[in-house]
Amino acid sequence: MAYYHELLKLCAFDETEIVSQKERIERTFQILELGPADMEKAVARIQKYFDTRLMGVRKAIGVWFKELFDLILCRYEGKKIIYYGYPPFQYIGLAIKAAAKSKNDFYVGCPEAIVSQTLGQFFHKLVPVLEAGEGAGLPPGHAMCSLLQVKVGALEKGIIPIPDLSIATSYFCDMGPKADELMQYKYGYPVEYIDSCLDSPWGLWPEYDHETVRYLGAQLDKLFCTLKNMFGIEINDYVWQQGRLIAGRLYKAINKLTRYLTADPVPLGVADSELILNFPIGCTGSVMDEGAEAIEILADEIGKRVQKGIGVVSKGSPRVLIVLQSISDPAVNRLIEDVGLAVPTTMALLPPPPEPESYPFSTLGEKRAEKAMFGGAYHSTYGMVKRIEASLKYAHVDGIIYNYPFSCRPFVCSNKLTKLHIEKETGLPTLLLDMDPQDERNYSQGSMRTRLEAFAEMLKQEKLRHKKSDIKSL
Ligand code: SF4
């Protein structure tokens, strides 16, 4: 039996897939230098940290492996390769797929998310990639973004192919495009920079400066021209909607699942719900059909848990909104429930607040840029803070854990303002918890646990106090 057979069976691959995909599987693992011992380690980690009693969880992990195979092999398989930065600009990856004659002509995705998710979560082998990134221009000890270190490291080690084009995230973050500039210089591929201005005045959102929209819109229109010139694909309103439709089944499944997650007791753990976080953000391939199917199965399984009152922490436990999960370390994701806190939602899963009426902008780029303003995060710190506040009405929580990547500019700039604003406007206690979603060397689990335990204890006491005052007033 093949050395990866047990692992892939655990991840819900069927026998025929394992046999028919033999060459691809072995080539991928060879490039990643993963052997029999790594497979054993991955089996043990998946069984320890994920709820493998749930077929939906096992299938979701399997889909991550399929996305990994597609990424690693896309150059050998003759595809045009386009990487986008993290987070992507709305449906850009899917719009490219929709515009192509055949969606198999292109590989489009965010490689650093896929590598972190798989080499980190399942194999616990991300540190060598981070070290390669540090050695290739993003040195340690300078608070460089570890997500970008993963991308540089993976290119440097030859794990991921050099793309035909990369789309940089200057609409959200300045470190992404600076790192892209480094990679453009080192590896010689073209980069399309989508610049914007996040300096809107405090208090403006959901209003916005029309010039900001026109500027970002022109940047997007420039990208559409590049795509046409380089690949002959045309992105227009119709294609954009087609791209959106590709993700329709996936989003429908995610929405169904997230409704169940708000039950008391919360029926699914943070490590397991993390598996779906980067499906729509990081990938445009197998996740759109097989990933959607995995989440549909998971939603049905979780619906049954809700009916039976089964939860991952006890009913009535304090409920918290968390901002992020680790995308490489499931042990950290388990910590929050270990201290007795329930997580019914994360910032990524919160539905957006209703949008104001649109202004009649003319180009596709401008129309998409305006939508980005309403989303908040690409508008300003104030937009991001208000977006979290407005969405809180969809999630009944007792507190917020603003767990932010300590080296991520947008999150670091907004953390204290978010805490001050949310505590003042909603009265919800907010814990600022610095972490690193990709680099386990940048935190100590012990000290994170201590801070989480103290926060959990405070929320439990607060709930008890309210309960007692409710009884007195009867
Ligand atoms: S600094 Fe933050 S926003 Fe920028 S690429 Fe890194 S994780 Fe993404």
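His-124 counts as partly exposed, at 37% relative accessibility. His-124 sits in the loop between α7 (111–120) and α8 (127–135), where helices (H or I, at least four residues) and strands (E, at least two) are DSSP runs numbered from the N terminus. Its phi is positive, about 55°, although His-124 is not a glycine.

Before going on, a word on what you're looking at: this is a predicted model, in which local features need pLDDT of at least 70 and side-chain atom pairs count only at pLDDT 80 or more, while totals for chains, interfaces and linings use all residues. Residues are numbered from 1 along each chain as its sequence is written, and side-chain values use heavy atoms, with hydrogens and water left out.

Back to the backbone. Glu-33 also has a positive phi, near 55°, in a residue other than glycine. Glu-33 belongs to the loop between α3 (22–31) and α4 (36–49). Is Glu-33 buried or exposed? Glu-33 is exposed, with a relative accessible area of 62%.

| Peptide bond | Form and omega | Loop holding the proline |
|---|---|---|
| Trp-205 to Pro-206 | cis, near 10° | between β4 (191–193) and α11 (210–231) |
| Asp-264 to Pro-265 | cis, near 5° | between α13 (248–261) and α14 (270–277) |

Now for the empty spaces. Rolling a probe the size of a water molecule over the atoms shows where empty space is left. On a 1 Å grid over the protein atoms alone, a cavity is a set of points where a 1.4 Å probe fits but cannot get out, and a pocket is an open set with protein on both sides within 12 Å along at least five of seven lines; lining residues have an atom within 4 Å of a point. Grid points are joined across faces, edges and corners, and a volume is the space filled by probe spheres set on the points.

How many cavities of 30 Å³ or more are there? The count comes to three. The largest cavity holds about 70 Å³ of space. It is lined by 14 residues, and those closest to its centre are Val-332, Asn-333, Ile-336, Asn-403 and Met-448. At least two lining residues come from each of α17 (330–338), β8 (430–435) and α21 (445–472), and α17 has the largest share, with four residues. By class, this lining has 10 nonpolar, four polar and no charged residues. Here Ala, Val, Leu, Ile, Met, Phe, Trp, Tyr, Cys and Pro count as nonpolar, Asp, Glu, Lys and Arg as charged, and the others, Gly among them, as polar.

The second largest cavity comes in at about 50 Å³.

Ser-328 is buried, with a relative accessible area of 7%. Leaving out residues up to four places away in sequence, Ser-328 touches Arg-45, Ser-116, Gly-120, Gln-121, Leu-126, Pro-437, Gln-438 and Asp-439, where a contact means heavy atoms within 4.5 Å.

Two or more lining residues come from α5 (55–73) and from β2 (106–109), and α5 gives the most, with four. The lining has seven nonpolar, five polar and 11 charged residues.

Which residues surround the ligand? They are Tyr-86, Cys-145, Leu-148, Phe-172, Cys-173, Cys-408, Arg-409 and Pro-410, where being near takes a heavy atom within 4 Å. By class, this shell has seven nonpolar, no polar and one charged residues.

Finally, take Glu-462, in helix α21. Glu-462 is partly exposed, with a relative accessible area of 30%. Glu-462 and Ser-362 are 100 residues apart in sequence and 52 Å apart in space, C-alpha to C-alpha.

Technical notes. Buried < 20%, exposed > 50% of the residue type's maximum accessible area, 1.4 Å probe, protein only.
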